[in-house]
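The following note sets out some points for study, in numbered paragraphs. Please keep the sequence and the structure in view while reading.

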Amino acid sequence: TEEADGLRIEVTAVGLPPGPKGIHIHAVGKCEPPDFASVGAHFNPAGKKHGRLNPEGAHAGDLPNLGVTPLGAAGLDATTRAVTLKAGVSGSLFGPGGTSLVIHAQPDDEKTDPTGNSGSRIACGVITRG
(Lines give C-alpha, C1' and ligand atoms only; values in the text may rest on other atoms or scores of the structure.)
Protein backbone atom coordinates (compact mmCIF):
# COMPACT_ATOMS: atom_id res chain seq x y z
CA THR A 1 0.00 0.00 0.00
CA GLU A 2 1.42 3.38 -1.01
CA GLU A 3 1.26 5.71 2.02
CA ALA A 4 2.57 9.19 2.85
CA ASP A 5 5.65 7.82 4.64
CA GLY A 6 6.50 5.14 2.04
CA LEU A 7 5.35 1.79 0.74
CA ARG A 8 3.73 -0.37 3.41
CA ILE A 9 4.44 -4.07 2.91
CA GLU A 10 2.27 -6.55 4.78
CA VAL A 11 3.00 -10.26 4.62
CA THR A 12 1.09 -13.15 6.18
CA ALA A 13 2.34 -16.70 5.71
CA VAL A 14 1.69 -20.19 7.11
CA GLY A 15 3.45 -23.54 6.88
CA LEU A 16 6.98 -22.17 7.25
CA PRO A 17 9.77 -23.63 9.39
CA PRO A 18 9.93 -21.79 12.77
CA GLY A 19 12.40 -19.00 13.47
CA PRO A 20 13.41 -15.75 11.82
CA LYS A 21 13.68 -15.73 8.03
CA GLY A 22 15.20 -13.30 5.56
CA ILE A 23 12.63 -11.74 3.27
CA HIS A 24 13.50 -9.63 0.25
CA ILE A 25 12.06 -8.09 -2.86
CA HIS A 26 13.80 -9.69 -5.85
CA ALA A 27 14.42 -8.17 -9.28
CA VAL A 28 12.35 -10.52 -11.46
CA GLY A 29 8.65 -11.33 -11.19
CA LYS A 30 8.90 -15.01 -12.04
CA CYS A 31 8.68 -17.69 -9.32
CA GLU A 32 9.80 -21.02 -10.76
CA PRO A 33 10.19 -23.85 -8.22
CA PRO A 34 11.95 -25.65 -6.77
CA ASP A 35 14.74 -23.14 -6.03
CA PHE A 36 13.17 -19.90 -7.33
CA ALA A 37 16.43 -18.96 -9.09
CA SER A 38 14.20 -17.31 -11.70
CA VAL A 39 13.68 -14.31 -9.37
CA GLY A 40 17.25 -13.12 -9.86
CA ALA A 41 19.09 -11.01 -7.31
CA HIS A 42 17.64 -8.64 -4.73
CA PHE A 43 15.88 -5.59 -6.17
CA ASN A 44 18.68 -3.00 -6.20
CA PRO A 45 18.15 -0.20 -8.76
CA ALA A 46 20.60 2.13 -6.94
CA GLY A 47 23.44 -0.44 -7.00
CA LYS A 48 24.05 -0.42 -3.24
CA LYS A 49 25.52 -3.13 -1.00
CA HIS A 50 23.24 -5.52 0.88
CA GLY A 51 21.94 -4.92 4.35
CA ARG A 52 19.99 -2.41 6.36
CA LEU A 53 22.97 -2.34 8.79
CA ASN A 54 25.62 -2.07 6.06
CA PRO A 55 27.05 1.48 5.80
CA GLU A 56 27.16 1.00 2.00
CA GLY A 57 23.61 -0.38 1.82
CA ALA A 58 20.91 -1.16 1.61
CA HIS A 59 19.35 -2.77 -1.44
CA ALA A 60 15.90 -1.35 -2.15
CA GLY A 61 14.61 -4.91 -1.68
CA ASP A 62 16.05 -5.38 1.81
CA LEU A 63 13.33 -5.84 4.43
CA PRO A 64 13.35 -6.67 8.17
CA ASN A 65 13.47 -10.37 9.04
CA LEU A 66 10.19 -12.25 9.04
CA GLY A 67 9.32 -13.83 12.40
CA VAL A 68 7.89 -17.34 12.17
CA THR A 69 6.16 -18.86 15.22
CA PRO A 70 6.70 -22.46 16.41
CA LEU A 71 3.45 -23.33 14.59
CA GLY A 72 4.79 -21.96 11.27
CA ALA A 73 2.75 -18.75 11.10
CA ALA A 74 4.45 -15.50 10.11
CA GLY A 75 3.67 -11.86 9.72
CA LEU A 76 5.50 -8.71 8.66
CA ASP A 77 4.31 -5.12 8.57
CA ALA A 78 7.09 -2.84 7.31
CA THR A 79 7.27 0.53 5.57
CA THR A 80 10.05 1.51 3.18
CA ARG A 81 10.83 4.59 1.11
CA ALA A 82 13.20 2.58 -1.13
CA VAL A 83 10.45 1.20 -3.40
CA THR A 84 7.20 2.41 -4.89
CA LEU A 85 4.16 1.19 -6.78
CA LYS A 86 4.31 4.24 -9.07
CA ALA A 87 5.13 3.21 -12.64
CA GLY A 88 8.00 4.72 -14.58
CA VAL A 89 10.05 6.01 -11.62
CA SER A 90 13.20 4.72 -9.93
CA GLY A 91 12.37 2.05 -7.37
CA SER A 92 9.10 1.06 -9.06
CA LEU A 93 8.12 -2.55 -8.40
CA PHE A 94 6.33 -2.57 -11.76
CA GLY A 95 9.24 -2.07 -14.17
CA PRO A 96 10.08 -4.39 -17.05
CA GLY A 97 10.18 -7.99 -15.82
CA GLY A 98 8.33 -7.18 -12.59
CA THR A 99 9.46 -8.10 -9.08
CA SER A 100 8.79 -10.80 -6.52
CA LEU A 101 8.82 -11.32 -2.77
CA VAL A 102 11.00 -14.18 -1.51
CA ILE A 103 11.27 -15.82 1.92
CA HIS A 104 14.63 -17.43 2.69
CA ALA A 105 15.47 -20.41 4.93
CA GLN A 106 17.68 -18.47 7.37
CA PRO A 107 17.60 -15.04 9.02
CA ASP A 108 19.24 -12.15 7.19
CA ASP A 109 22.27 -10.83 9.11
CA GLU A 110 21.46 -7.43 7.52
CA LYS A 111 25.06 -6.65 6.56
CA THR A 112 26.74 -9.37 4.46
CA ASP A 113 26.74 -8.61 0.72
CA PRO A 114 25.03 -9.78 -1.44
CA THR A 115 22.39 -11.82 0.45
CA GLY A 116 22.86 -11.43 4.20
CA ASN A 117 23.66 -15.15 4.53
CA SER A 118 19.91 -15.80 4.46
CA GLY A 119 20.18 -19.18 2.78
CA SER A 120 18.04 -20.86 0.16
CA ARG A 121 14.75 -19.54 -1.15
CA ILE A 122 11.82 -21.43 0.37
CA ALA A 123 8.76 -19.37 -0.68
CA CYS A 124 8.06 -16.94 -3.49
CA GLY A 125 5.27 -14.71 -4.77
CA VAL A 126 5.14 -12.39 -7.76
CA ILE A 127 4.23 -8.80 -6.88
CA THR A 128 1.14 -7.80 -8.88
CA ARG A 129 -1.41 -5.01 -8.83
CA GLY A 130 -4.40 -5.95 -6.68
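**Notes on the predicted model**

1. Ala-82 is placed in the loop between S5 and S6. The structure under discussion is a predicted model. Is Ala-82 buried or exposed, or does it count as something in between? With a relative accessibility of 37%, Ala-82 counts as partly exposed, because that class covers values between the 20% limit for buried and the 50% limit for exposed.

2. Ala-82 and His-59 are separated by 23 residues in sequence, while their C-alpha atoms lie 8.2 Å apart in space. When neighbours within four places in sequence are set aside, Ala-82 is in contact with Ala-60 and Gly-91.

3. The open sheet may be considered next. It consists of 4 strands in the order S1-S2-S5-S4, with antiparallel pairing. Its edge strands are S1 (2-3) and S4 (67-68), each of which pairs on one side only.

4. How many bridges join S2 and S5? Strand S2, residues 6-13, and strand S5, residues 74-80, pair in the antiparallel sense over 7 bridges.

5. Gly-67 has Gly-75 in S5 as its bridge partner. The hairpin of S4 and S5 has 5 residues between the strands, and within this hairpin Gly-72 takes a positive phi near 90 degrees.

6. Ala-74, Leu-76, Ala-78 and Thr-80 form the covered face of S5, whereas Gly-75, Asp-77 and Thr-79 form the uncovered one.

7. Strand S3 has both faces covered: Ile-23 and Ile-25 lie on one side, His-24 and His-26 lie on the other, and all are buried. S3 pairs with S6 in the antiparallel sense over 4 bridges. Within this pair, Ile-25 stands opposite Leu-101 in S6.

8. Which strands each supply at least two residues of the lining? They are S2, strand S6 (100-104) and strand S7 (121-126). By class, the lining has 13 nonpolar, 4 polar and 2 charged residues.

9. The side chain of His-50 makes a polar contact with the side chain of His-42, at 3.5 Å. Residues up to four places away in sequence being left out, His-50 touches several others, including His-24, His-59, Asp-62, Asp-108, Glu-110 and Pro-114.

10. Some of the backbone geometry calls for comment. Most residues other than glycine have a negative phi, and most peptide bonds are trans. Against that background, the peptide bond from Pro-33 to Pro-34 is cis, with omega near 10 degrees, and Pro-34 is found in the loop between S3 and S4. The peptide bond from Asp-113 to Pro-114 is also cis, with omega near 10 degrees, and Pro-114 lies in the loop between S6 and S7.

11. The loop between S6 and S7 also contains Glu-110 and Asn-117. Although Glu-110 is not a glycine, it has a positive phi of about 65 degrees. Asn-117, likewise not a glycine, has a positive phi of about 55 degrees. Is Glu-110 buried or exposed? Glu-110 counts as buried, because its relative accessibility is 11%, which is under the 20% limit. Glu-110 is also one of the residues that His-50 touches.

How values were computed:
Residues numbered from 1 in each chain as written. Predicted model: local features only at pLDDT ≥ 70, side-chain atom pairs only at ≥ 80, totals over all residues. Heavy atoms only, no water. Pairing = 2+ DSSP bridges. Polar contact = N/O pair within 3.5 Å; in protein donor to acceptor, adjacent residues only side chain to side chain. Contact = heavy atoms within 4.5 Å. Nonpolar A, V, L, I, M, F, W, Y, C, P; charged D, E, K, R; others polar. Buried < 20%, exposed > 50% of the residue type's maximum accessible area, 1.4 Å probe, protein only.
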